[in-house]
Amino acid sequence: MKIYIDFDGTLYNSTKLDKKFINIFKEYNIKEEYIEYLINKIKNYNIITKKLINEFNLNEDILSKIDTLYSDELIFKDAITFLEKYYKQYDLILLTLTNDLSYQQKKINSSNLSKYFKNIIITNKDKSKLNNVDYINGIFIDNNPIELERFYNAKATNLIRIKRDTDKYSKINLNIKNIPEFIDFNDLINNNYIEKIGEKNNE
């Protein structure tokens, strides 16, 4: 059985990373609101950093500070528990969307999670329209309700939402009512939900 797992906000604490990124530029007296605006609009640290360097005439040494932000400390501990439990039993596949492949690869490399995955798919296209993804039989775990609804429309039936309180999508409700929601991976494990899907598929 294949389990497709999202990266940002699901396994990786992107909110915490954003705060660290903002704090670096606050040292240069750049307003937090402006940096937040750029993050929400551009969604790419590389582009934002270059823009702020040019706009505020910053020293490019700041780039080395940005590189220190990426680490495995940003992985949710409950995510590690889930990966450790299931990676030998099922085919875990990382499925992540980005507008900058090199930037996303840098985050993934620093996370030290590659050993858990049979495959890593990094795409800048709609995750629900890829040729190498088994939408019918796979399990899809994501924090983003919009992505889950796209998977549903692609005929995926085994959908799971990780709905963390700190997540930027936590206040957005799903329009599809039969997708189960769990507060984190520990909650998912304790409910034996992966095993229940496996039993259903074997009937």
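**Exercise 1.** In this predicted model, find which residues I5 touches, not counting residues up to four places away in sequence.

*Solution.* Step 1: leave out the neighbours up to four places away in sequence from I5. Step 2: list the remaining contacts of I5, which are T10, L11, F82, L83, L92, I93, L94, L95, F117, I141 and F185. The largest nonpolar core has 48 residues, and I5, L11, F25, F82 and I141 are the members that touch the most others. Helix α1 (residues 14-26) gives the most to this core, with five residues. A second core of 15 residues is separate, and Y4, L159, L174 and I176 are among its members. In soluble globular proteins, nonpolar side chains tend to be buried together.

**Exercise 2.** Determine how the buried residues of helix α5 (residues 77-86) are arranged around its axis, and what covers them.

*Solution.* Step 1: identify the buried residues of α5: D78, A79, F82, L83 and Y86. Step 2: look down the axis of α5. The buried residues fall within an arc of 140 degrees, so they line one face of the helix. Step 3: look for what covers these residues. The cover includes the strands β1 (2-5), β2 (91-97) and β4 (139-142), together with the helices α8 (185-190) and α9 (193-201).

**Exercise 3.** Decide whether K107 is buried or exposed, and list its contacts.

*Solution.* Step 1: locate K107 in helix α6 (residues 101-111). Step 2: compare its relative accessible area with the cut-off. Buried means under 20%; K107 has 4%, so K107 is buried. Step 3: list what K107 touches beyond four places in sequence: F7, D8, Y12, L17 and Y70.

Notes
Residues numbered from 1 in each chain as written. Predicted model: local features only at pLDDT ≥ 70, side-chain atom pairs only at ≥ 80, totals over all residues. Heavy atoms only, no water. Core = buried A, V, L, I, M, F, W, Y, C linked by side-chain atoms within 4.5 Å. Buried < 20%, exposed > 50% of the residue type's maximum accessible area, 1.4 Å probe, protein only. Helix = DSSP H or I, 4+ residues; strand = E, 2+ residues; numbered from the N terminus. Contact = heavy atoms within 4.5 Å. Arc of directions from axis to C-beta.
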